[in-house]
Amino acid sequence: MSDTYNIGLGNNDTDTRQKADSDFVSFWDDQAKNLSWFSPWEKTLDWNPPFARWFVGGTINASYNALDVNQDTKSQKAAILWEGENGDSRIITYGEMLTHVKKFSNVLKSLGVEKGDRVTLYLPMIPELPIAMLACARIGATHTVIFSGFSATSIRDRVDDSKSKVIVTADGGYRRGKIVKLKEVVDEAIEGFDFVKNVVIVERTKNEIIMNSKDKLWIDLMNDASENCPAEKLDSVHPLYILYTSGTTGKPKGVLHGTGGYLTHLYSTFKWAFDIKDTDVFFCTADIGWVTGHSYVVYAPLLHGATEIMYEGAPDFPDASRMWDILEKYKATIFYTTPTALRMFMKFGDDIPNSFDLSTLRLLGTVGEPINPEVWRWYYKTIGKEKCPIIDTWWQTETGGMLISPLPGLETIPLKPGSGTRPIPGVNITVVDEYGNDVEPNTKGYLVVKNPWPGMLLTLWDDDEKYKTVYWSKYENCYYPGDYALKDTDGYLWLLGRADDVLKVAGHRIGTAELESCIVSHDDVAESAVCGIPDELKGEVIIAFVVLKEGVDTETKVLEKEIVEKIRTDIGAIATPKQIYFVSKLPKTRSGKIMRRLLKAIGNNEKIGDVSTLEDGAAVTEVQTAFDEIQKSIKESN
Ligand code: WTA
């Protein structure tokens with residue numbers, strides 16, 4: 001039995017769940033009315049499995065709902081309290097945000113961007129990023145944001161896939177006091193891409209850049225732009241953005257989100273989960289390059305006219321007190337971060353947070369990976385001073401917004417450290433076995449979603465077939481997220497990590513297949529397998545097993561360096577393995593499947609005993625032999 005914490009905010013709305021349980025379609029229909037629509041929808045849900053279209057026939061605009069609707073009462077209210085890594089700061093009001101967005105919308109138009117075109121945004125965490133996203137949304141262009149830690153090759157693949165007409169980037173971005181030269185990366189990424197018509201550059205770091213014929217400075221374009229730009233009336237299902245994310249196969253997939261359904265989901269979950277009030281100061285530490293930043297830094301807070309903090313840099317720069325310093329400085333009331341960040345803060349000890357005034361905090365949240373109960377308790381006690389509920393929110397790039405979370409803005413539910421508690425209203429989630437049958441309480445199974453929900457992805461960009469196979473083929477008419485879970489006897493859900501070959505390193509999603517194909521593209525490598533092993537700080541770290549081609553006699557130290565370099569340039573530093581093992585062959589079952597659990601056991605320094613029963617399709621002796629062989633070859637080569 002785990003400990004429970006009876007802490008809430010006093011809200012007790014039972015009506016909402018009741019309505020949702022009786023008819024989820026009409027429930028979401030009501031929720032959608034919280035937004036401003038140009039024209040109403042004719043049909044709430046068009047469910048043509050596995051394709052869901054919400055609020056069909058309605059017209060809406062995301063930028064209008066984030067900014068225009070807030071002008072009457074909040075034009076002077078701070079939308080973004082921006083804190084630069086180097087100590088710069090900016091406050092941008094709702095009124096100013098709208099002006100910037102309208103101007104940049106006109107800039108995009110002047111560069112030939114039209115409704116339906118894609119625009120790639122490769123920017124650091126500066127206000128120009130949400131401004132550019134909302135400007136795209138305003139004119140009906142589909143934005144595709146690429147995390148600014150990704151390499152030139154990663155950008156190239158994504159820009160090529162989305163065929164973006166314009167790229168918006170910066171001269172550089174600050175990371176741990178150093179300048180990351182983003183514009184240089186873009187130059188390399190788009191070489192020879194005629195379909196890219198222009199590159200717009202924000203000057204953030206003022207490092208020297210070479211201006212090519214396609215390049216234009218943000219500031220010059222904005223100076224000339226008109227402040228008048230009405231929001232386009234877009235179909236509810238109009239594609240708002242593509243966000244690439246790693247899956248089990250090959251290259252990252254372009255998750256495509258629509259407008260009306262996505263915004264409805266965000267509006268409601270932000271209210272229920274964070275209990276947002278006009279006086280709140282909200283701080284989500286996610287980078288906008290990931291989905292948490294899209295949904296809960298950009299769209300959800302602005303839809304509510306909230307004031308939020310946006311921080312540019314590393315959470316522990318220049319030292320471990322940076323987050324607490326920001327929370328104190330801006331009198332933050334809500335803090336939403338990752339278990340990886342919390343594990344790091346916890347390691348630095350209590351004295352640092354204790355020396356700051358965190359008394360304004362009233363609600364805490366986590367996202368992105370399972371949170372260890374001891375970290376949860378530390379967060380509750382040391383940061384929340386035993387007065388703030390913690391919401392452990394489970395969701396994915398594909399789900400658009402939270403699907404499982406305590407909802408203090410709606411109801412009070414005893415919290416259990418490490419559990420996301422229950423699904424949000426209007427979403428039917430359960431845990432099933434291999435055959436799709438509900439498992440008994442306290443039994444590990446696969447999480448599935450049994451009905452469509454408004455934030456659900458429309459499809460995978462340009463690949464309906466893959467969309468069907470990846471998410472909808474394991475169980476009939478059920479969405480399969482690829483996570484293990486269990487439900488306890490109180491009906492609480494516990495998320496137990498990925499059930500597929502997707503890794504979560506410091507909360508970042510990395511596909512094993514993508515990484516393996518990158519390693520194999522090194523000239524001397526014949527074969528490779530990667531897997532994740534538990535890590536105290538990052539939740540999970542990567543280890544790689546590499547088989548070299550016959551006759552390669554380069555020193556492994558040199559090869560290791562080259563392989564790491566290759567990963568950094570092809571994917572990005574986040575995918576760097578903690579350890580590379582050179583082995584003579586990979587352990588495989590007779591049917592040719594790599595024995596990944598065996599590899600994990602080796603990485604974890606575990607004994608083989610338990611693994612042999614876990615590798616499907618392999619006999620105990622087979623696993624033992626493979627284990628001995630691989631241990632021997634590691635010893636010989638390292
Ligand atoms: C994992 C991040 C446990 C899960 C928003 C999921 C979690 C993947 C939690 C999606 C949580 C996310 N507890 N695991 N509260 N939240 N995950 O697309 O494995 O980057 O499938 O979206 O993160 O990662 P993504």
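This report describes the ligand site, the strand pairings, an aromatic pair and some backbone features of a predicted model.

## Basis of the description

The model is predicted: local features need pLDDT of at least 70, side-chain atom pairs count only at pLDDT 80 or more, and totals for chains, interfaces and linings use all residues. Residues are numbered from 1 along each chain as its sequence is written, and side-chain values use heavy atoms, with hydrogens and water left out.

Helices (H or I, at least four residues) and strands (E, at least two) are DSSP runs, numbered from the N terminus. Two strands are said to pair if DSSP finds at least two bridges between them.

## The ligand site

Around the ligand there are 17 residues, of which Asp392, Thr397, Asp483, Arg498 and Arg509 come nearest; a residue is near a molecule if one of its heavy atoms lies within 4 Å of it. By class, this shell has six nonpolar, five polar and six charged residues. In this classification Ala, Val, Leu, Ile, Met, Phe, Trp, Tyr, Cys and Pro count as nonpolar, Asp, Glu, Lys and Arg as charged, and the others, Gly among them, as polar.

Several polar contacts can be described (a polar contact is a pair of N or O atoms within 3.5 Å; within protein, one must be able to donate a hydrogen and the other to accept it, and residues adjacent in sequence count only if both atoms are side-chain atoms). A polar backbone atom of glycine 368 is 3.1 Å from a nitrogen atom of the ligand. Helix 11 (291-303), strand 20 (390-393) and strand 25 (493-498) are the elements that give two or more residues to the shell.

Another open sheet has three strands in the order 28-29-30, with mixed pairing. Strand 28 (525-535) and strand 30 (579-582) are its edge strands, and the twist averages 25 degrees from one strand to the next. Strand 28 and strand 29 (residues 539-548) run antiparallel and are joined by ten bridges; glutamate 527 stands opposite valine 547 in strand 29.

Strand 1 (residues 43-48) and strand 2 (residues 51-56) pair in the antiparallel sense over five bridges and form a hairpin with two residues between them. Leucine 45 stands opposite tryptophan 54 in strand 2.

Most residues other than glycine have a negative phi, and most peptide bonds are trans. The peptide bond from proline 49 to proline 50, however, is cis, with omega near 0 degrees, and proline 50 lies in the loop between strand 1 and strand 2. Phenylalanine 55, which lies in strand 2, has a positive phi of about 60 degrees although it is not a glycine. A cis peptide bond also joins phenylalanine 317 and proline 318; proline 318 is in the loop between strand 17 (307-311) and helix 12 (322-330).

## Aromatic pairs

The structure holds 41 aromatic pairs. Rings of Phe, Tyr and Trp (its six-membered ring) pair if their centres lie within 6.5 Å; planes under 30 degrees apart count as stacked, over 60 as edge-to-face and the rest as tilted. Tyrosine 262 and tyrosine 299 form an edge-to-face pair, 6.0 Å centre to centre with 80 degrees between the planes. This pair links distant parts of the chain, with tyrosine 262 in helix 10 (residues 260-274) and tyrosine 299 in helix 11, 37 residues apart.

Technical notes. Axes are lines fitted to C-alpha atoms, for helices over the stretch in contact, and angles run from 0 to 180 degrees between N-to-C directions.
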